[in-house]
Each structure stands twice: as C-alpha cells, then as structure tokens.
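The exercises below are meant to be worked through with the sequence and the model side by side. Please try each task before reading its solution.

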Amino acid sequence: MSAGPLVASGIGILLLVATAYVLVGGTLATTEVVVEAQSNLVMYQEARMRTAIAVQNTTTVDNETLSVDVKNTGSEPIVDIPLIDVYIDIGNAPVYVPYKKEGVNYWNDTKIDPDHIHPGELDPGETLTLSITHEKDAKPIWVQVVTPNGVPSSVYV
C-alpha cells in the first residue's frame with residue numbers, strides 16, 4: 001500500500017478543518033458586530049424616548065431677529081447644543097437655519113436659564129434661549145427646533 005492516498009486524505013482533512021475554522025471565526029465576528037449595533041440602537045432609542053422639548057415663547061426682537069425659548073421637558077440632558085436643528089417658515093416653505101453662520105438665516109444660543117448644573121448643557125427643566133437672525137423685514141410664521149437625536153417641537157409665531 002502506498003502512502004500517497006494517505007497523505008492526500010490527511011491534507012484534505014486539514015483543509016476542511018482550516019475552512020471550518022475560517023467560516024466559524026467569520027460568523028462569530030459578524031455576530032459580535034450585529035449584537036453591538038443592536039445594543040447601540042436600543043441605547044439611542046431609550047435616550048430618544050427620555051428626550052422632550054417644548055418651545056415656550058417666541059419674541060420678535062427687531063426686523064431681522066427672532067428670540068425663541070426652548071425648555072427641556074424630558075429627563076435626558078441635551079449635550080450638543082450646536083447640533084440642534086432650527087427651521088423657520090417665512091411664508092414660502094420651511095428654511096433650515098444653521099448654527100453660527102454669518103449673513104442671514106443663522107441662529108445662536110444666547111443663554112441657558114438656570115445653568116447651575118452642567119454649564120453649557122441643556123439639562124432637564126432648563127430653558128435655552130435661541131436668537132434666530134433671518135432676512136430683513138421677513139415675518140416668520142412658524143419655527144421648529146429639533147434635538148440632535150431627532151425630537152422636534154414647533155410653534156406658530
């Protein structure tokens with residue numbers, strides 16, 4: 001009996017074991033990534049459920065500035081104030097208003113009241129005052145504020 005078929009069978013078994021190892025390793029790595037993504041999604045959804053805001057007051061300061069008071073009525077702090085999205089409707093369609101841009105149609109955060117705990121963050125119960133600069137003599141009829149995790153609040157001016 002020759003050793004050729006025995007060596008070929010041994011090599012074939014080793015290749016099958018190596019292939020199975022690669023497949024199982026890839027499957028385990030993929031499963032780990034999917035589980036991590038699902039747990040992150042649940043964490044973000046839970047934070048979104050605890051987030052709530054309410055536009056409390058709007059005041060026209062002059063012909064090109066609108067002051068908006070936004071209260072955090074939820075139980076989740078809003079940490080990234082510059083990531084808040086603001087939209088205004090000047091009559092045609094809603095317009096996105098970016099944060100701290102020069103020219104027209106931009107907004108700034110003027111103050112957080114009271115801001116004793118976590119300065120610079122909008123904690124539950126605190127009110128953020130936004131100053132929205134728009135086109136001169138335009139009359140905003142609607143404003144919407146959206147938190148970084150997608151929770152909106154809107155009001156007619």
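Helices (H or I, at least four residues) and strands (E, at least two) are DSSP runs, numbered from the N terminus. The model is a predicted one, in which local features need pLDDT of at least 70 and side-chain atom pairs count only at pLDDT 80 or more, while totals for chains, interfaces and linings use all residues. Residues are numbered from 1 along each chain as its sequence is written, and side-chain values use heavy atoms, with hydrogens and water left out.

**Exercise 1. Backbone angles and a cis bond**

Solution: Asparagine 105 is buried, at 12% relative accessible area, where buried means under 20% relative accessible area, exposed over 50%, and partly exposed in between (1.4 Å probe, protein chains only). With 47% relative accessibility, histidine 118 counts as partly exposed. The loop between strand 5 (106–113) and strand 6 (127–133) also holds proline 114, and the peptide bond joining aspartate 113 to proline 114 is cis, with omega about -20°.

**Exercise 2. Strand pairing**

Task: Work out in what order the four strands of the open sheet lie, and which residue of strand 4 is the bridge partner of isoleucine 88.

Solution: Two strands pair if DSSP finds at least two bridges between them. By this rule four strands form an open sheet in the order 4-3-7-8, with antiparallel pairing. Its edge strands, each pairing on one side only, are strand 4 (94–97) and strand 8 (152–156). Now look inside the sheet, where strand 3 (residues 85–89) is joined to strand 4 by four bridges in an antiparallel arrangement, and where the bridge partner of isoleucine 88 is valine 95. Finally, turn to strand 1 and strand 2, which run antiparallel and are joined by eight bridges. A hairpin of two residues connects strand 1 to strand 2, and valine 55 stands opposite valine 70 of strand 2.

**Exercise 3. A buried asparagine**

Task: Decide whether asparagine 72 is buried or exposed, and find which backbone oxygen its side chain reaches at 3.0 Å.

Solution: First place asparagine 72 in strand 2 (residues 65–72). Its relative accessible area is 1%, so asparagine 72 is buried. Then examine its polar contacts, a polar contact being a pair of N or O atoms within 3.5 Å; within protein, one must be able to donate a hydrogen and the other to accept it, and residues adjacent in sequence count only if both atoms are side-chain atoms. The side chain of asparagine 72 reaches the backbone oxygen of glutamate 76 at 3.0 Å, and a polar atom of that side chain lies 2.9 Å from the backbone oxygen of leucine 122.

**Exercise 4. The salt bridge**

Task: Find how many salt bridges the structure holds, and say which side chain arginine 50 meets.

Solution: A salt bridge is a side-chain nitrogen of Lys or Arg within 4 Å of a carboxyl oxygen of Asp or Glu. The structure holds one, in which the side chains of arginine 50 and glutamate 76 meet at 3.0 Å, N to O. This pair links distant parts of the chain, 26 residues apart, with arginine 50 in the loop between helix 1 (4–49) and strand 1 (53–62) and glutamate 76 in the loop between strand 2 and strand 3. Arginine 50 is partly exposed, at 37% relative accessible area.
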